[in-house]
Amino acid sequence: MRDIDRALLLLVAPPALVLTALPARSVEYLSTQQAQHALFAEANRFEPVSIALTDLQRETVVKASGTRTKLPVDRIWRALRDDQLLGHLIVDEVYGKHEFITYAAAIDANGAVIGIEIMDYRETHGGQVREASWREQFRGKHSGDALELDEDIVNISGATMSCKHVTEGVRRLLALHDVVLKGR
Amino acid sequence: MRTRESRASIWALLFLLALGAASARADENYFGYSYGTETLPKGSWEFYNWVTWRTSKGEGSYNALDLRQEIEYGITDRFQASLYLNERYHAIDGVGAPADRDQFGFQGVQVSTKYAFLSPYKDLFGFALYAEPGYSRISKGSGRLQDQWSMEVKAMFQKNFLDDQLIAVLNISPEFEVGKKKGERHWENELAFEVTSGLTYRVAPKWYVGFETRYDSTYEGFPAETDRSAWAFYVGPAVHYDAERWWVTMTALPQVGGAPNNGTRSAALNLDEYEKFELRIKTGFDF
């Protein structure tokens with residue numbers, strides 16, 4: 001075997017061997033329907049809500065939340081028990097390192113977080129944001145609360161980017177709720 | 001003739017790697033030469049495969065491949081360690097100096113540690129320090145056998161913008177080397193001082209596109225001699241793509257300036273110590 005062939009063989013062989021040993025990663029944990037029932041167990045129906053933001057409303061939300069990510073105006077539902085409004089469920093996406101992290105937030109009629117669920121997580125690291133103890137920190141948060149890592153939300157070491165972006169996402173949804181959804 | 005075949009093989013392989021990269025996955029290595037400040041989470045493993053192609057001395061035919069396999073482990077969430085195994089291939093024909101050669105061999109080994117002091121996600125900027133002692137038995141430029149011991153230190157900075165979608169990094173890397181060529185008795189000292197930087201933007205899910213710069217210099221005889229003996233500056237594009245199970249990063253760096261100049265090779269580039277063009281492809285596999 002020529003030297004160049006030995007070099008090229010060594011170049012290709014290690015990744016090929018490693019690739020065969022890798023597990024698949026992409027996981028959808030909850031569908032929208034499953035998230036609705038997990039966060040609003042008492043609800044017996046969900047009505048989609050369609051909203052159109054004025055420029056001023058959009059600017060207010062962006063300013064209050066400090067993020068630029070697209071607002072989820074077409075993935076909002078009213079959670080109802082018969083005709084009683086229990087709150088809103090919003091499905092949102094925030095940046096992961098390479099993919100989007102999809103999560104759902106339940107916000108009650110008074111604008112307080114009931115809970116959040118991670119629906120789809122495709123990153124290699126940082127999946128600890130799915131842990132119930134971390135998500136529980138959001139319960140009761142309102143628009144206007146800091147929602148900052150290491151301030152009122154504890155960070156998870158090794159999952160900092162995911163923690164930061166989900167926290168910012170919830171802050172953004174609370175601002176959206178406060179500006180557009182409260183009372184609807 | 002043989003080096004022409006070698007170069008064709010290298011081109012073909014790089015093309016195949018680029019195609020293969022169309023199904024690749026990404027972590028923090030957005031650049032081929034510059035490092036970000038993040039470390040692997042505690043208990044995580046990552047395997048990297050590196051290939052760097054260096055070509056053209058402005059005379060004859062010069063091609064070199066630097067191959068590297070790296071295994072990296074997160075000891076804590078802020079502290080990681082790596083082991084590198086390196087091989088080197090030279091196909092040199094008609095360059096004059098270095099002499100003709102068609103040779104592949106085990107080049108050496110390094111270990112490294114990296115500690116992240118500041119996070120680019122929580123702090124004003126990210127900051128990490130890195131140390132890499134190593135041994136090399138094949139000269140980078142000529143392919144001659146040697147005994148060389150080195151210690152490289154890196155100060156790494158990272159600043160993220162626009163919801164962490166725009167990433168800027170800066171690495172400052174002094175490396176002290178002591179070595180002797182095979183058959184020689186005299187050990188020589190050298191300082192290699194490198195500064196790299198990069199800027200990249202997430203243009204679409206899975207895709208980052210940007211550019212990278214690299215300044216490399218040598219100080220022969222350091223610390224007794226402190227005058228810079230050679231330098232080169234490179235600028236080129238960097239692309240990072242992430243797929244389901246692995247990732248790939250490619251940086252292409254043409255030399256845009258350097259000195260001293262060998263007039264028969266280039267009036268503006270240093271083609272004695274450095275090459276006209278470098279291409280690095282890194283693939284990573286997370287466990």
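Here are some questions and answers on the two chains of this predicted model.

Residues count from 1 along each chain as its sequence is written, while chains are lettered from A and ligands numbered from 1 in the order in which they are written. Since the model is predicted, local features need pLDDT of at least 70 and side-chain atom pairs count only at pLDDT 80 or more, but totals for chains, interfaces and linings use all residues.

Q: Over how many bridges do β5(B) and β6(B) pair?
A: Two strands count as paired if DSSP finds at least two bridges between them. Strand β5 (residues 126–138) of chain B runs antiparallel to β4 (residues 101–118) over eight bridges, with B:Thr113 opposite B:Ala131. On β6 (residues 145–161) of chain B, B:Phe157 stands opposite B:Phe127. The pairing of β5(B) with β6(B) is antiparallel too, and the bridges number twelve.

Q: Which residue takes a positive phi in the hairpin of β5(B) and β6(B)?
A: This hairpin has six residues between the strands. The phi in question is near 85°, and it belongs to B:Gly143.

Q: Is B:Asn29 buried or exposed?
A: B:Asn29 sits in the loop between α1 (2–20) and β1 (45–55) of chain B. The cut-offs use C-beta atoms placed from the backbone: 20 or more others within 10 Å means buried, 12 or fewer exposed, and in between partly exposed. B:Asn29 has 20 C-beta neighbours inside 10 Å, so it counts as buried.

Q: Which residues is B:Asn29 in contact with, leaving aside neighbours within four places in sequence?
A: Contact means C-beta atoms, placed from the backbone, within 7 Å. B:Asn29 has a C-alpha 9.1 Å from that of B:Thr283, though 254 residues separate the two in sequence. The contacts themselves are B:Thr249, B:Lys282 and B:Gly284.

Q: What arc do the buried residues of α2(A) cover around the axis?
A: In α2(A), the buried residues are A:Ala35, A:Gln36 and A:Leu39. They lie on the same side of α2(A) because their arc, taken from the directions from the helix axis to the C-beta atoms, is only 105°.

Q: Is A:Gly183 buried or exposed?
A: A:Gly183 lies in the segment after α5 of chain A. Its C-alpha is 6.8 Å from that of A:Ala109, at 74 residues' separation in sequence. With 7 other C-beta atoms within 10 Å, A:Gly183 is exposed.

Notes
Helices (H or I, at least four residues) and strands (E, at least two) are DSSP runs, numbered from the N terminus. Two residues are in contact if their C-beta atoms, placed from the backbone, lie within 7 Å.
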